[in-house]
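Subject: Structure for you to look at

Hi there,

Here is the structure I promised to pass on. Please open it first, and then read my notes below.

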Amino acid sequence: MKNIRLAIAQIGPSLGDLNRNLDLHLEYVRRACDEDADVVMFPEQSLTGYFLSDLVTEVAVSRNDDRLNPLREASMGIDIVVGFIEETADHRFVPAAGYLHKGNWKHIHHKIYLVTYGLFDEARDLAAGSTVRAFTTPIGRQAMLICEDLWHPSTASIATSDGADIIYGLSSSPGRGISGGTPELGSAETWHTLNRMYAQLHVCFVAHCNRVGYEDGINFWGGSEVIGPDGESLIRAPDFEEALVVATLDDSMLRRQRTRLPLRRDENVALNGREFTRISAERHRVDVE
Amino acid sequence: MSSKQQLRTRAIRGLQLDPALVTRVLQGFVRDEIGKFGINRAVVALSGGIDSALSCALAVRALGSDSVLAVLMPYRTSNPASRSDAETLVRQLNIASVLIDISPAVDGITDQLHDKPSDLRRGNVMARTRMTALYDQSESFGGLVVGTSNKTELLLGYGTQHGDMASAVNPIGDLYKTQVQTLSEALDIPKAILEKTPSADLWEGQSDEDELGFDYELADQVLYLLIDEQFTADDLVSDGYDSAIVNNVLHRIEASQFKRRLPVIAKLSHRTIDRDFRYPRDWGR
């Protein structure tokens with residue numbers, strides 16, 4: 001991959017206010033350009049806010065919506081990873097992560113795993129995606145996953161098997177878990193572990209952008225980070241505060257780590273494919289019987 | 001199930017908290033959830049007890065001492081120490097305060113009654129009279145009401161609906177009583193408040209723990225294990241917890257569920273408020 005400067009825009013979007021959030025995005029895009037970043041990345045549902053309930057249908061946009069034009073124009077100078085709710089042509093509302101490059105969508109990922117337990121109720125209002133794909137830009141091969149997707153290790157396996165050197169993880173992770181008197185929230189601790197695990201086991205970069213702010217009393221803890229293929233943190237944004245942080249992602253890091261630890265070379269994709277196909281067929285058979 | 005007392009150890013650890021982390025989240029909560037409404041001020045009813053002291057201290061940290069008004073609302077039989085402890089806190093936090101004696105208003109209601117109201121009824125009238133005065137101060141000061149109900153009393157239903165349970169934002173509603181004590185200590189709440197016996201002070205000599213029939217330390221362990229960790233009552237009893245107390249706690253939670261919800265609305269249309277008309281409170285903010 002090409003060496004890049006990646007900016008993480010750890011913002012606190014307003015709930016259900018597309019216009020205000022769009023302005024906030026443009027401000028952070030400008031700041032990222034000032035930092036000579038090649039890519040600027042926003043969190044999950046960065047254009048809409050998270051706990052939407054009935055607001056979903058009011059803030060969803062089609063991928064060609066004119067209201068996104070300012071963002072499209074801004075992407076002439078810098079690649080933008082943005083989170084929104086996409087309304088499909090057949091009127092499903094899907095949590096989406098889009099990669100804008102020179103005015104066009106290079107790829108749109110639909111969240112696979114809607115989270116519907118605990119404090120979450122996504123499947124009530126939203127439709128799920130059905131594919132995980134890496135995609136290519138002049139930078140190289142990358143993939144986007146959204147929050148709960150990364151609580152299912154298979155999605156990162158598919159993305160990296162498909163050649164992604166960078167996984168962009170977009171999150172709106174509510175802060176919770178104070179038990180035991182640890183200085184970090186339970187949800188933050190888990191995410192840092194996950195990010196590091198994915199980076200090390202898939203020998204790739206993991207960029208996790210989590211939002212900040214409060215919605216109906218629920219806090220989002222921020223703490224966005226970029227982890228290198230050796231599991232070391234390249235940059236960490238502060239907890240709870242809006243911030244723009246920039247990391248340099250260097251191809252030589254990938255080369256060195258993949259030389260030392262050729263896990264990707266040795267990953268048996270064909271075996272995974274065969275076994276998952278078999279398991280899937282057997283499960284289907286059991287369900288039918 | 002595991003050997004005895006294993007859950008107890010788990011509960012004690014689970015109830016520990018890092019004061020710096022929790023203060024940061026709660027301070028941000030007060031600032032954000034009030035600020036979103038274009039307001040940067042708050043009013044807090046100070047009883048002289050630990051819960052309202054903590055809520056008030058958090059509000060001051062979030063908004064600054066100029067932006068918080070303490071409202072002291074004694075009744076003629078209230079313990080004089082309650083008022084003086086509240087005043088100590090007011091001085092320590094360097095905030096403005098108002099004193100509203102609720103005796104004439106409360107007596108104005110109870111004197112007209114044909115029967116002799118029980119302590120509980122009189123206590124409820126006092127709590128709701130305080131709410132009325134507090135919301136008036138909310139309007140005159142231009143600040144939102146910061147709540148003072150902790151998770152233990154909310155779960156046990158140990159509060160007056162539309163009285164002390166009423167607020168706009170509640171920073172301590174997800175903290176158990178013993179966690180309130182831990183955090184209050186870290187935030188330098190005056191010693192007299194930290195060390196006093198918890199009491200609603202609705203009548204002379206009233207004590208929370210006497211009334212409930214168990215102490216807060218035990219109640220918090222039981223609640224934490226049942227609610228946060230989702231163990232069953234049987235799990236707790238096998239571990240050595242007293243079954244009468246566990247069942248008492250469970251009964252109180254169930255019996256007070258209505259207090260934690262909005263009034264039920266009879267459904268008629270396709271979109272009923274809070275049933276299938278589901279907009280967040282922070283809509284557009």
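A definition to begin with: an angle between axes of 65 to 115 degrees counts as roughly perpendicular, under 35 as roughly parallel, over 145 as roughly antiparallel, and the rest as oblique. The axes are lines fitted to C-alpha atoms, for helices over the stretch in contact, and the angles run from 0 to 180 degrees between N-to-C directions. Helices (H or I, at least four residues) and strands (E, at least two) are DSSP runs, numbered from the N terminus.

Please keep in mind that this is a predicted model, in which local features need pLDDT of at least 70 and side-chain atom pairs count only at pLDDT 80 or more, while totals for chains, interfaces and linings use all residues. Residues are numbered from 1 along each chain as its sequence is written, and chains are lettered from A and ligands numbered from 1 in the order in which they are written.

Helix pairs in chain B

Helix 2 of chain B packs against helix 8 (residues 177-186) of chain B at an angle of about 95°, with the axes 10 Å apart. The two helices are therefore roughly perpendicular to each other. Pro19(B), Val22(B) and Thr23(B) of helix 2 meet Thr182(B), Leu183(B) and Ala186(B) of helix 8, where contact means C-beta atoms, placed from the backbone, within 7 Å. By class, this contact has 4 nonpolar, 2 polar and no charged residues. Here Ala, Val, Leu, Ile, Met, Phe, Trp, Tyr, Cys and Pro count as nonpolar, Asp, Glu, Lys and Arg as charged, and the others, Gly among them, as polar.

The axes of helix 1 and helix 11 of chain B come within 9 Å and cross at roughly 90°. That makes helix 1 of chain B roughly perpendicular to helix 11 of chain B. Leu7(B), Arg8(B), Ala11(B) and Gly14(B) make the contact from helix 1, and Gln221(B), Tyr224(B), Leu225(B) and Asp228(B) from helix 11.

Which residues of helix 1 of chain B are buried? They are Leu7(B), Ala11(B) and Gly14(B); buried means 20 or more other C-beta atoms within 10 Å, exposed 12 or fewer, and partly exposed in between, with C-beta atoms placed from the backbone. These three cover an arc of only 65° around the axis, which puts them on the same side of helix 1 of chain B. The arc is that of the directions from the helix axis to the C-beta atoms. On the other side of helix 1 of chain B, Thr9(B) and Arg13(B) are exposed.

Where the chains meet

The contact takes 23 residues from chain B and 23 residues from chain A. On the chain B side, helix 2 of chain B gives the largest share, 9 residues. That side divides into 10 nonpolar, 4 polar and 9 charged residues.

Cores

The largest nonpolar core has 82 residues, and Val30(B) and Val68(B) are among those with the most contacts inside it. A nonpolar core is a set of buried Ala, Val, Leu, Ile, Met, Phe, Trp, Tyr and Cys residues joined through C-beta atoms within 7 Å. Helix 3 (residues 50-63) of chain B gives the most to this core, with 10 residues. A second, separate core of 73 residues includes Ile11(A) and Tyr168(A).

Two residues of chain A

Val40(A) lies in strand 2 (residues 39-41) of chain A and is buried, with 29 other C-beta atoms within 10 Å. Thr136(A), in strand 6 (residues 135-137) of chain A, is partly exposed, with 13 other C-beta atoms within 10 Å.

Best wishes

Notes
Contact = placed C-beta atoms within 7 Å.
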